[in-house]
Each structure stands twice: as C-alpha cells, then as structure tokens.
Amino acid sequence: GVFTVTALPIHETALRASAEIAPHSTLSHFRCILEHNLRLLDRHSPDWTQEDFVGMLMETMERFALTTQMSGIIYEYRNRNGDL
C-alpha cells in the first residue's frame, strides 16, 4: 500500500506531566500495539482462551507503558485515509 511516513521527535520534556503529550502515547498507537499483539495471538495460538487473551492484553499495556517513557524519534506510518 501507499503510506506517508512522518518522523516525530520525542523530546525528553514530553516525558514530564506538564509538557505536551508524546506522539507515541496516543490512543491510536495503543490500538496499533493491540492489533499487532492480537494478530500474533491468532497466528501462534488459533485456539486461544480467555486467559491467553488477558495475557496478551497485559503484554499490550506493558509495551505501551514502556514506549511512553522513551525519547528519540518515532516514524509514524499512515495510509491514504490517514489511519495509522
């Protein structure tokens, strides 16, 4: 597909509560992580259980929480509809 790639700097000041929100700590980025982990769960455990789902959800929240503490540059990929 066709994607637009945007480099978004994550400044250390974005990690402070008073600063503007880091670009990778949005709900859309959480959804990306969740969708990715759900695809992995389906691929590797097609007969997943509720416990597997809860484990995947916990891992998703942990990955999201860890990425909100990072600094540097992220690359955001959007399709022609503007979706991440």
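**Exercise 1. Find out whether Arg63 is buried or exposed, or in between, and which residue forms a salt bridge with Arg63.**

Solution. The model is a predicted one, and in it Arg63 forms a salt bridge with Glu59, with the closest N and O atoms 2.7 Å apart. Glu59 is partly exposed as well, with a relative accessible area of 37%. The two residues lie four residues apart in helix H2, so about one helical turn separates Arg63 from Glu59.

**Exercise 2. State how many salt bridges the structure holds, and describe the one formed by Glu76.**

Solution. The structure holds two salt bridges. Glu76 forms a salt bridge with Arg78, and here the closest N and O atoms are 3.0 Å apart. Turning to accessibility, Glu76 has a value of 11%, and because buried means under 20%, Glu76 counts as buried. Arg78, at 29% relative accessibility, counts as partly exposed.

**Exercise 3. Classify the aromatic pairs that a search of the whole structure finds.**

Solution. The search of the whole structure finds two aromatic pairs. In one of them, Phe30 and Phe64 have their ring centres 5.3 Å apart and their planes at 80 degrees, so with an angle over 60 degrees the pair is edge-to-face. This pair links distant parts of the chain, since Phe30 belongs to helix H1 (residues 27-44) and Phe64 to helix H2 (residues 50-67), 34 residues apart. Both Phe30 and Phe64 are buried. For Trp48 and Phe53, the ring centres are 5.7 Å apart and the planes stand at 25 degrees, so this pair is stacked. Trp48 is partly exposed, with a relative accessible area of 33%, and Phe53 is partly exposed with 29%.

**Exercise 4. Determine where Thr60 is placed and which residues it is in contact with, leaving aside its neighbours within four places in sequence.**

Solution. Thr60 is placed in helix H2, and with a relative accessibility of 0% it counts as buried. Leaving aside neighbours within four places in sequence, Thr60 is in contact with Phe30, Ile33, Leu34 and Asn37.

Notes. Residues numbered from 1 in each chain as written. Predicted model: local features only at pLDDT ≥ 70, side-chain atom pairs only at ≥ 80, totals over all residues. Heavy atoms only, no water. Phe/Tyr/Trp six-rings, centres within 6.5 Å; stacked < 30°, edge-to-face > 60°. Buried < 20%, exposed > 50% of the residue type's maximum accessible area, 1.4 Å probe, protein only. Contact = heavy atoms within 4.5 Å. Salt bridge = Lys/Arg side-chain N within 4 Å of Asp/Glu carboxyl O.
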